[in-house]
Amino acid sequence: MALTKNQRRLRIKSRIRKVVSGTEARPRLAVYRSNKEIYAQVVDDVTGKTLAAASSRDKDITSAKGTKSEIAALVGKAVAEKSIKAGINTISFDRGGYQYHGRVKSLAEGAREGGLKF
């Protein structure tokens, strides 16, 4: 029996997580994408703490108009701004099993524009 889309994504996600892990010096930028929203958080996997987070449901981003990709870019800039305030400049990008195009790519480019290096 064939895998569902979500089962396939979770299998890819576990393969990615074997390689990508966040440390204190280089935390992980994790992305979750639902049909309507997009979420991003900077995680230190050693201590298991979220250092910075942003989503399309934040007040300043919710008021913005545009396509889902444009909003994803705003989320990327917001998470970059919050992580730089927390003293984080370099991260490792975790696409969460999603293909690197569309909203995930827009979020990554927005984070790069915001000043994060990865």
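**Core, pocket and charges**

Reply: Happy to! The largest nonpolar core has 23 residues, and L29, V42, V75, F93 and L107 have the most contacts inside it. A nonpolar core here is a set of buried Ala, Val, Leu, Ile, Met, Phe, Trp, Tyr and Cys residues joined through side-chain atoms within 4.5 Å; buried means under 20% relative accessible area, exposed over 50%, and partly exposed in between (1.4 Å probe, protein chains only).

Me: Which elements supply at least two residues of this core?

Reply: Strand 1 (28-33), strand 2 (38-44), strand 3 (49-55), helix 3 (68-85) and helix 4 each do. The largest share, six residues, comes from helix 3. Helices (H or I, at least four residues) and strands (E, at least two) are DSSP runs, numbered from the N terminus.

Me: Before we go on, what kind of model is this?

Reply: This is a predicted model, where local features need pLDDT of at least 70, side-chain atom pairs count only at pLDDT 80 or more, and totals for chains, interfaces and linings use all residues. Residues are numbered from 1 along each chain as its sequence is written, and side-chain values use heavy atoms, with hydrogens and water left out.

Me: Thanks. What is L29 in contact with?

Reply: Leaving aside neighbours within four places in sequence, L29 is in contact with A40, Q41, V42, V79, I91, S92, F93, D94, L107 and A111. Contact means heavy atoms within 4.5 Å.

Me: New topic: what is the volume of the largest pocket?

Reply: About 360 Å³. A pocket is found on a 1 Å grid over the protein atoms alone, as an open set of points where a 1.4 Å probe fits, with protein on both sides within 12 Å along at least five of seven lines; lining residues have an atom within 4 Å of a point. Points are joined across faces, edges and corners, and the volume is the space filled by probe spheres set on them.

Me: And which residues lie nearest its centre?

Reply: K5, R9, R33, G97 and Y98, out of 13 lining residues. Helix 1 (5-19) and strand 1 are the elements that give two or more residues to the lining, and helix 1 gives the most, with five.

Me: On to charges. How many salt bridges does the structure hold?

Reply: Five, counting a side-chain nitrogen of Lys or Arg within 4 Å of a carboxyl oxygen of Asp or Glu. One of them joins D45 and R17 at 3.6 Å, N to O. D45 lies in the loop between strand 2 and strand 3 and R17 in helix 1, so the pair ties together parts that are 28 residues apart in sequence.

Me: What else does D45 pair with?

Reply: R28, with the closest N and O atoms 2.9 Å apart. R28 is in strand 1, 17 residues from D45, and counts as buried at 9% relative accessibility, while D45 is partly exposed at 25%. R17, R28, D45 and D94 are linked in a network of salt bridges.

Me: How about R103, which is buried yet has no salt bridge: what is its nearest side chain of opposite charge?

Reply: E37, at 7.4 Å. Lys and Arg count as positive and Asp and Glu as negative; His and the chain ends are not counted. R103 lies in helix 4 (residues 103-113).
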